[in-house]
Amino acid sequence: MANMELIKKLRDLTQAGVMDAKKALEANNDDIDLAIQWLREKGIAKAAKKANAIATEGVANVVIDGNLAVIYEFNCETDFSAANQNFLDLANDVGLTLVNGGYNDIEKALTLLTSDDKTIDEACKELTSKIGEKISLRRFELVSKKDNEMFAYYQHSNKKIAVLLVLDKIIDEAVGKDIAMHAAAMAPKFLNADQVDQEWLANETKILREQTIAEGKPVERADMIVKGRVNKLLSEVTLEAQPFVKDTSKTVKQHLATYGAASIVYVRYQVGEGIEKKVVDFAAEVAEQMKKQN
């Protein structure tokens, strides 16, 4: 029976899951070197090579269970793998695991058991070994609501964008979905002016001031001009203040108000946003390999 110290050592060397490391040691009389070879032969140790890869593709999704919902981004390295059924099955399993897990911390969430009795971390590493691409849970947010509130959500057909809202009143689901679709299309950064990140706003205000001065506007009028431009910016980046796409005579807030409702939580995920994607120059890559062979 392999002891936990050996299992931990083998996992650190190969990035294999706990059960795979245990099986490898048991099959090789606790010999670490033979266990590594065993894992390599079975393709399980390949996950170690992918640990530092950049996974910028995948899916963004929402899973709802009663008064709990989770919005999450689950990644792989290529669009091809994002359409792989094994990847999609694990992505769905991870969503169900997260919504029932009770954690809003990714490190703790990775220890949650999926339907196959593997942790999310182990399941990701196992699929990494199977398809040869890094598989990872990038981020998620667990959201709760009250009985008299409702979730509104939308996942775009390409599975790259997901939106989750909480409305303060139960209304027609189609109305809520329309607001979520609006958010998916218009990509507001914040729910309303009260929830705008103040550091972001201060930086944007500074830029607008510098632009105003550079335009040669009178210094004594600069404050008034900048204030007007900041208000315009806020109307563009906050969900509630945006003109509703189906009726631009109303803002999103005004449209919801006709149903006696308001949005109180807004989260939008787009796959790969904020990640610097590696641009591969295949011609240069081949040339470099040829140099090494000479």
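Is Asn29 buried or exposed? Asn29 is exposed, with a relative accessible area of 73%. Buried means under 20% relative accessible area, exposed means over 50%, and partly exposed lies in between (1.4 Å probe, protein chains only). The legends below describe a predicted model, in which local features need pLDDT of at least 70, side-chain atom pairs count only at pLDDT 80 or more, and totals for chains, interfaces and linings use all residues. Residues are numbered from 1 along each chain as its sequence is written, and side-chain values use heavy atoms, with hydrogens and water left out.

**Figure 1. The whole chain, with 13 helices and 8 strands.** Helices (H or I, at least four residues) and strands (E, at least two) are DSSP runs, numbered from the N terminus. Of the 294 residues, 42% count as buried. The chain exposes about 16,600 Å². Carbon and sulfur atoms supply 51% of that area. Accessible areas come from the Shrake-Rupley method with a 1.4 Å probe; for residues, only the protein chains shown count as cover. Take the contacts in the chain with a separation of 6 or more: residues 24 or more positions apart account for 60% of them. Contact means heavy atoms within 4.5 Å.

Figure 2. Most residues other than glycine have a negative phi, and most peptide bonds are trans. Asn29 sits in the loop between α2 (18-27) and α3 (32-41). The loop between α9 (173-186) and α10 holds Ala187. Ala187 is partly exposed, at a relative accessible area of 36%.

**Figure 3. Helix α1 against helix α2.** The axes of α1 (residues 4-14) and α2 come within 9 Å and cross at roughly 110°. Axes are lines fitted to C-alpha atoms, for helices over the stretch in contact, and angles run from 0 to 180 degrees between N-to-C directions. The two helices are therefore roughly perpendicular to each other. Angles under 35 degrees count as roughly parallel, over 145 as roughly antiparallel, 65 to 115 as roughly perpendicular and the rest as oblique. The crossing of α1 and α2 is right-handed. A crossing is left-handed if the near helix is turned anticlockwise from the far one by less than a right angle, and right-handed if clockwise. From α1, the contact takes Leu6, Ile7, Leu10 and Arg11; from α2, it takes Val18, Ala21, Lys22, Ala24 and Leu25. By class, these residues are 7 nonpolar, no polar and 2 charged. Ala, Val, Leu, Ile, Met, Phe, Trp, Tyr, Cys and Pro count as nonpolar, Asp, Glu, Lys and Arg as charged, and the others, Gly among them, as polar.

**Figure 4. Helix α6 packed on helix α8.** Helix α6 spans residues 85-101 and helix α8 spans residues 120-131. Their axes lie 11 Å apart, at an angle of about 175°. The pair α6 and α8 is therefore roughly antiparallel. On the α6 side, the contact residues are Asn86, Phe87, Leu90, Val94, Thr97 and Leu98. Helix α8 meets them with Ile120, Ala123, Cys124, Leu127 and Lys130. The contact of α6 with α8 has 8 nonpolar, 2 polar and 1 charged residues.

**Figure 5. Helix α10 crossing helix α11.** Helix α10 covers residues 198-214, and helix α11 covers residues 219-237. Their axes come within 9 Å and cross at roughly 135°. That makes α10 oblique to α11. The crossing of α10 and α11 is right-handed. Residues of α10 in the contact include Trp200, Leu201, Glu204 and Arg209. Among their counterparts in α11 are Asp223, Arg229, Leu233 and Val237. The contact of α10 with α11 divides into 12 nonpolar, 2 polar and 4 charged residues.

**Figure 6. Two buried residues, Val63 and Glu133.** Val63 belongs to strand β1 (residues 57-65). Val63 has a relative accessible area of 11%. Leaving aside its neighbours within four places in sequence, Val63 is in contact with Leu68, Ala69, Val70, Tyr72, Gly95, Leu96 and Val99. Val63 and Leu164 are 101 residues apart along the chain, and their C-alpha atoms are separated by 9.5 Å. Glu133 lies in the loop between α8 and β3 (136-144). The relative accessibility of Glu133 is 11%. Glu133 and Ala55 are 78 residues apart in sequence, yet 8.1 Å apart in space, C-alpha to C-alpha.
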